[in-house]
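These are my notebook entries on one structure. I set down what I looked up, one topic at a time.

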Amino acid sequence: MRTRLCFLIPSVHKIFYVQRASLTMKRKASNISPRKQPSTIPKSSIGSYLSILQKEEPSSLDTERQAKENVDQNTNDMRLESQQGSETSSSTSEHSSSLVENAKVVCEEKLDECTFSSVSWQPPSRTPFRFLAEAFEVMEMTTSRLALIKILTQVFRKIVNTTPDDLLPCVYLCTNMLGPAHEGLELKAGEATVLNALSSATGNSVKVLKERLIKLGDIGDLAAECRTTQQTMFKPPSLTIQGVYQEFRTMANLAGKMSTKEREKHLQKLLVSATSQEAKYIARIVLGKLRIHIAYKTVIASLATVFAPCSKTVGKTADEMDSIVKEATATLNAVYSQLPMWDRIIPVLIQNKSTQGLEDHCRLTPGVPVGPMLAKPAKEASDVLERFQECSFVCEYKYDGMRAQIHYLPDGNVKIFSRNAEDDTPKYPDIVENIKFALSKNKAVRSFIIDSEVVAYDPETNVMKSFQELQGRARKEVKLEDIKVSVCVFAFDILFFNGESLLKWSLKERREKLIETFSPVQGKFQFTTSKVFTDWEGVDEMMDEAIQAGCEGLMIKALTGEYSSYEPSNRSQNWLKMKKDYMNSIGDSLDLVPIGAYYGRGKRSGVFGAFLLACYNSETEEFQTVCKLGTGFSDEFLSSITKFYKDGHILAEPKPYYGVSDSPTIIPDVWFDPCQVWETRCADLTLSPSHTAAKGMLSEEDKGIALRFPRFIRIREDKSVDDATTAEQIVELYSNQKSKM
DNA sequence: TCTGACTGCCC
DNA sequence: ATTCTGC
DNA sequence: GCAGAATGGGCAGTCAGA
């Protein structure tokens, strides 16, 4: 707030105020310890936090070591607990009804041992949301995966044993989901909505809240803080997990006139009924950033711990238990990536009280998206050769388009899913047609799932078009006759065929199945260009050809052997991706001048989180923006560079020779003195509606040029600001790139 | 009726 | 998308 | 090496308000 105020005051005072502001900033930053103290522990339950708090707030190395031992000790205790528990249930494991009863006995023992919360409830009451919020609070304070899994396991176990119907909504809230991704339910509420709701719930103006948000760096912390200062006239009904989840679904289903206000009202209602701690996590769930160091992988590991099949564990050692849990985790991982629907999986888990038999109920099914296999970046030949020594590998063109998983259902329907399991079928009626055409010669096909990349394609010239053109296609309920940008499907894998999963087949076998099942149609449905290699000989040439053809680079995969199966949802080493800009020697690298910065959020609160970068236009003698930059720097660099700029290199106003769009998403929080040059790498240059580099020097007069995938490399100490990359050079790079397409 | 803010989703 | 970091 | 959490450009679609 103070820095903002100083803009209105003559320059001598500006310095004074800026310095004061930076001092408070510094003091604040030094207070932030790696393990953040929770701001909102309810006094009533302080005691139950203590054990974990001590572990996470060590005051010396000694206590740190001690803390580690404590955590380990606790983890072992957990194993013993479940062992004992299962001993009890093992004797009657044949009868599921007695199983349930026994589970309850076990549960009651465990209730007392809940290490993070004293909240308790009994049906018909539903699980209090406060119980989950308290777990989140503790999870936020640690980064130890074992401790995180331990806490989540306790949460799930307690819910399963008390109010099992709440497990599903609990898992949804833990993963920021409203339902299966392919069902397409969207909350349609983000930061602005939360701020508005918070404003009407607390009486603070949005402007004040925004200023406070800059300081706090987290909207949940803001919500918690607001609640603390608000007086409550009466005690509102307390929230339940089920209630919060249902409220979100209600919000998601609102549409049309007044729906924005309506959504805000629902959110306001939630925030008013929430304790400050609950408000914190409600706000974060809405934003989709829980920031408690867990995502669905940890949820899976915890569920697997709860439902690990330990019915016959009498006399088993901790190590043996460990491997049972590991196996259960692997099972649940595999099941979820082949049927990413908690509403199908969780009822089975609860019914069976075990991960056993899960695969029989939750199978790969056409019509439900599979987690797509992902690739790891490879920077140089040796990365590839190390991985694939002694065995042959395939290189495929890496097309610059969008991933599409195409399903053919036994009823003849076609479904198309995006990389993130969204249903893209309404977007691609042309692909639905092309598929049927490519299949026409093969009447034995009843069902399949294939993996492919969709690329914008000019059917006149048979030339692939840019990602940007593909991005311009309409998305909702597209009609065949309205399509303006045609596309070609480049298929590269098949995961399912006529009722059979092919995931375990080798890539060699899958490719053969793919090729025998489809007939390519030029410009509509083709196979990716690919070639088999046994060593590096010829790979560089293929890479050049791929770039020449408008591709990003190459995908590299094992053809046969243990690394050649399809691993859904895994970014494993089985697939590598290689792009020119990964390689140190090649690729575009620009020397740019930071002219402003944005306050960081989350773990970057207190330092700058991103910067506004400019090139130099010698014609207009302006610095023109080419990108914001938010990745590539170490934590240490960020804090030192924040200090550097705040210590005398901040401007109260932009220089008159800064050419910057007036879009609020571009205008930085602070302006910089142009005094450094940063080496910045990118994948591509794109036409930009919001950046100003080379504006007016292109065929599209009102557009500038921007970097695609920009990242920080290093400070160029050896360069002065006038040696920065020029707009002319950027135009040159841009037209070089265009001529390749 | 048009525009800008917001959201979600591609990369 | 890319990158860094704690475990 | 995994999993999580920072951050990028840019588009369509929706809705509120000019």
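Which residue forms a salt bridge with Arg716? I looked it up in this model, which is predicted, and found Asp718, with the closest N and O atoms 2.9 Å apart. I then checked the cover of both partners. Arg716 is buried, with a relative accessible area of 16%. Asp718 counts as exposed, at 55% relative accessibility.

**Entry: further salt bridges**

I next asked for the total, and the count comes to 32 salt bridges. I noted two further pairs in detail.

I looked up Arg473 and found that Arg473 forms a salt bridge with Asp430, the closest N and O atoms being 2.8 Å apart. This pair links distant parts of the chain, 43 residues apart. Arg473 is in the loop between helix H21 (467-471) and E7, while Asp430 is in helix H20, residues 429-439. Both Arg473 and Asp430 are buried.

The other pair I recorded is Glu552 with Lys579, a salt bridge whose closest N and O atoms are 3.4 Å apart. Glu552 lies in the loop between H23 and E11, and Lys579 lies in strand E12 (residues 571-579), so the pair ties together parts that are 27 residues apart in sequence. I found Glu552 to be buried, and Lys579 as well.

**Entry: a charged patch on the surface**

Which residues gather in a patch of negative charge on the surface? I listed Asp535, Glu537, Asp540, Glu541 and Glu545. Glu537 sits in the loop between strand E10 (530-533) and helix H23 (539-548). With a relative accessible area of 65%, Glu537 is exposed.

**Entry: cysteines**

How many disulfides does the structure hold? I found zero. The cut-off for a disulfide is a pair of sulfur atoms within 2.5 Å. As for cover, Cys488 counts as buried at 0% relative accessibility. Cys226 also counts as buried, at 5% relative accessibility.

**Entry: backbone features**

I looked for a cis peptide bond and recorded one that joins Pro123 and Pro124, with omega about 10°. Pro124 is found in the loop between helix H5 (96-111) and helix H6 (129-140).

I then looked for positive phi values in residues other than glycine. Asn498 has a phi near 45°. Its place is in the loop between strand E7 (487-497) and strand E8 (500-501). Is Asn498 buried or exposed? Asn498 is buried, because its relative accessible area is 19% and the limit for buried is under 20%.

Ala694 is another residue with a positive phi, near 65°. The loop that holds Ala694 runs between strand E20 (684-688) and strand E21 (704-708). Ala694 is buried, with a relative accessible area of 0%.

**Entry: distance along the chain and in space**

What separation did I find for the C-alpha atoms of Met555 and Lys398? The two atoms are separated by 5.6 Å, and the residues are 157 residues apart along the chain. Met555 is found in strand E11, residues 553-558. Met555 is buried, with a relative accessible area of 12%.

For the other pair, I looked up Leu213 and Ser354. They are 141 residues apart in sequence and 44 Å apart in space, C-alpha to C-alpha. Leu213 lies in helix H10, residues 206-216. Leu213 is buried, with a relative accessible area of 3%.

Technical notes: Residues are numbered from 1 along each chain as its sequence is written. Chains are lettered from A and ligands numbered from 1 in the order in which they are written. This is a predicted model: local features need pLDDT of at least 70, side-chain atom pairs count only at pLDDT 80 or more; totals for chains, interfaces and linings use all residues. Side-chain values use heavy atoms; hydrogens and water are left out. Patches are made of residues with over 30% relative accessible area and no salt bridge: like charges are joined within 9 Å, nonpolar side chains (Val, Leu, Ile, Met, Phe, Trp, Tyr) within 5 Å. Accessible areas come from the Shrake-Rupley method with a 1.4 Å probe; for residues, only the protein chains shown count as cover. A salt bridge is a side-chain nitrogen of Lys or Arg within 4 Å of a carboxyl oxygen of Asp or Glu. Lys and Arg count as positive and Asp and Glu as negative; His and the chain ends are not counted. The place of a charge is taken as NZ of Lys, CZ of Arg, CG of Asp or CD of Glu. Helices (H or I, at least four residues) and strands (E, at least two) are DSSP runs, numbered from the N terminus. Buried means under 20% relative accessible area, exposed over 50%, partly exposed in between (1.4 Å probe, protein chains only).
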